[in-house]
Amino acid sequence: MTNIHQMMSALKEKGLYREDFKHLSSEQAHKVEMEGKETILLGSNNYLGLCSDIRLKEAAIDATVKYGVGSGGSRLTTGSYDLHRALERKIADFKGTQASLIFNTGYMANVGVISSLCDRKWAIFSDKNNHASIVDGCLLNGSRLVRYKHCDMGDLERKIIEHRGSSNLIVTDGVFSMDGDVAPLDCIVKLAKKYGAITMVDDAHGVGVLGEKGSGTVSHFRVDDEIDIQMGTLSKAIGSIGGYVAGKQCFIDYFRNFARSFIYSTSLPPASIAASLKAIEIIENEDSKRVHLLKMANGFKNKLTDAGFIVSDTITPIIPVIIGDAQKAVEISKSLLQEGIFIPAIRPPTVSNGTSRLRLSLMATHTDYELEYVFDKLVFHAKRLGVIEG
Ligand code: PMP
């Protein structure tokens, strides 16, 4: 127990202690009721606003009325419905692959796929900024985990030459969640071909945002035929819940048989599956939401840069505003919350020391007026704490 108390005190001293949750008492839209107060949300992954779209709600209600609230079993026992099959077909067509398989979350998809595919004969080359679920999948299987510098293709090649195993996997996020930047998939597939590695992309933040009809980062780089495994989540732009993996039929058959996080868990309820199906249909048919979102994000980022903020150069709606000091990042985030704006402060260990930041994520439904208000308040508090001059 003493150790626990010491660890908690140390966290507090460093400004890294995670306080209690902020509870919403409304649906998740760009404006929410948070702890009883109307708040503009700039921290949601609900990029297209589909979480609260009436068409998804209706699809979920209809599915609940028809099938009930729970699925009653794992996919391989009694928990497979025609809806699950339809969603797997839909995802495969959307991603342009032979087949797909749904997991209960993106986290479970990464852990299940990587831990079942690789064993101690494998070397896994993983971008240093990849999501924690990729790292956890690698740690579960006894393979050699080799982390290369973020998006650094020279470092990746050097590490492949040095650490190659009899089988090799290169795995990367498509869009990095904390920086909003995009992995150089065009270069990664060339290295994979040169050294005979399998490729896997976690496109949790790319789907619905980048690529042909919003199908993601792999499509953005036009490397659909060269990426072996496309993983993603149904919980961000798609607005629902769940994870998936898409690729050749042989991979999907393999994961159905060996991915433990798929096999040993009750399947997703019909409502979530029906909502995901509807969301993908909307994403495929409504380019305007995505185009508007990307244009708005680009304009907002330029405005922040002009005001003196250090902002990563991205083409996505994720806008990291680097504050540096963890305590200042938290202080600005808290002050903004009092003004009715939620922007999370991201601190170590999620990001490296000295790069604490406010992670803004824009939604297609934010208005110009709201963004103007956010900008003014952000500038005010950043000046007050000496983050920008003025
Ligand atoms: N991969 C990435 C890049 C993510 O950002 C996340 C969610 N934070 C996940 C995987 C996990 O997805 P889920 O939330 O569906 O478990």
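Q: Ile160 comes up to start with; which helix does Ile160 lie in?
A: Keep in mind that this is a predicted model. Going by residue number, the helix that covers residues 153-163 takes in Ile160, and that one is helix 6.

Q: Is Ile160 buried or exposed?
A: The relative accessible area of Ile160 is 3%. The cut-off for buried is under 20%. Ile160 therefore counts as buried.

Q: Leaving aside neighbours within four places in sequence, which residues is Ile160 in contact with?
A: Contact here means heavy atoms within 4.5 Å. With the neighbours within four places in sequence set aside, the partners of Ile160 are Phe125, Ile170 and Tyr195.

Q: How far apart in space are Ile160 and Lys383, C-alpha to C-alpha?
A: Along the sequence, 223 residues separate Ile160 from Lys383. In space, going C-alpha to C-alpha, the separation of Ile160 and Lys383 is 45 Å.

Q: Are helix 6 and helix 7 roughly parallel or roughly perpendicular?
A: Helix 7 covers residues 185-195, and its axis is 11 Å from that of helix 6, at an angle of about 15°. Angles under 35 degrees count as roughly parallel. So helix 6 and helix 7 are roughly parallel.

Q: What is the make-up, by class, of the contact of helix 6 with helix 7?
A: From helix 6 come Met153, Leu156, Glu157, Ile160 and Ile161, and these meet Cys187, Ile188, Leu191, Lys194 and Tyr195 of helix 7. Sorted by class, the contact of helix 6 with helix 7 has 8 nonpolar, no polar and 2 charged residues.

Q: Now another pair: is the crossing of helix 3 and helix 11 left-handed or right-handed?
A: Helix 3 spans residues 82-95 and helix 11 spans residues 270-285; their axes come within 9 Å and cross at roughly 25°. Helix 3 and helix 11 are therefore roughly parallel. As for the hand, the crossing of helix 3 and helix 11 is left-handed.

Q: Is helix 13 oblique or roughly parallel to helix 14?
A: The axes of helix 13 (residues 326-338) and helix 14 (residues 368-384) come within 10 Å of each other, crossing at roughly 140°. Roughly antiparallel would need an angle over 145 degrees. So helix 13 is, relative to helix 14, oblique.

Q: Off to a loop: which backbone oxygen does the side chain of Asn46 reach?
A: Asn46 is in the loop between strand 2 (37-41) and helix 2 (54-67). With 2% relative accessibility, Asn46 counts as buried. Its contacts, neighbours within four places in sequence aside, are Gln28, Cys51, Lys236 and Met363. The backbone oxygen that the Asn46 side chain reaches, at 3.1 Å, belongs to Gln28.

Q: What is omega for the cis peptide bond that joins Pro348 and Pro349?
A: Pro349 is in the loop between strand 13 (345-346) and strand 14 (356-361). For the cis peptide bond joining Pro348 and Pro349, omega is about 10°.

Q: What is the phi of Glu35, which is not a glycine?
A: Look in the loop between strand 1 (31-34) and strand 2 for Glu35. Glu35 is partly exposed, at a relative accessible area of 47%. Its phi is positive, at about 50°.

Q: Is Arg222 buried or exposed?
A: Arg222 also has a positive phi, near 55°, and is a residue other than glycine. The loop between helix 8 (217-220) and strand 8 (229-233) holds Arg222. At 66% relative accessibility, Arg222 counts as exposed.

Conventions:
Residues are numbered from 1 along each chain as its sequence is written. This is a predicted model: local features need pLDDT of at least 70, side-chain atom pairs count only at pLDDT 80 or more; totals for chains, interfaces and linings use all residues. Side-chain values use heavy atoms; hydrogens and water are left out. Axes are lines fitted to C-alpha atoms, for helices over the stretch in contact, and angles run from 0 to 180 degrees between N-to-C directions. Helices (H or I, at least four residues) and strands (E, at least two) are DSSP runs, numbered from the N terminus. Angles under 35 degrees count as roughly parallel, over 145 as roughly antiparallel, 65 to 115 as roughly perpendicular and the rest as oblique. A crossing is left-handed if the near helix is turned anticlockwise from the far one by less than a right angle, and right-handed if clockwise. Buried means under 20% relative accessible area, exposed over 50%, partly exposed in between (1.4 Å probe, protein chains only). A polar contact is a pair of N or O atoms within 3.5 Å; within protein, one must be able to donate a hydrogen and the other to accept it, and residues adjacent in sequence count only if both atoms are side-chain atoms. Ala, Val, Leu, Ile, Met, Phe, Trp, Tyr, Cys and Pro count as nonpolar, Asp, Glu, Lys and Arg as charged, and the others, Gly among them, as polar.
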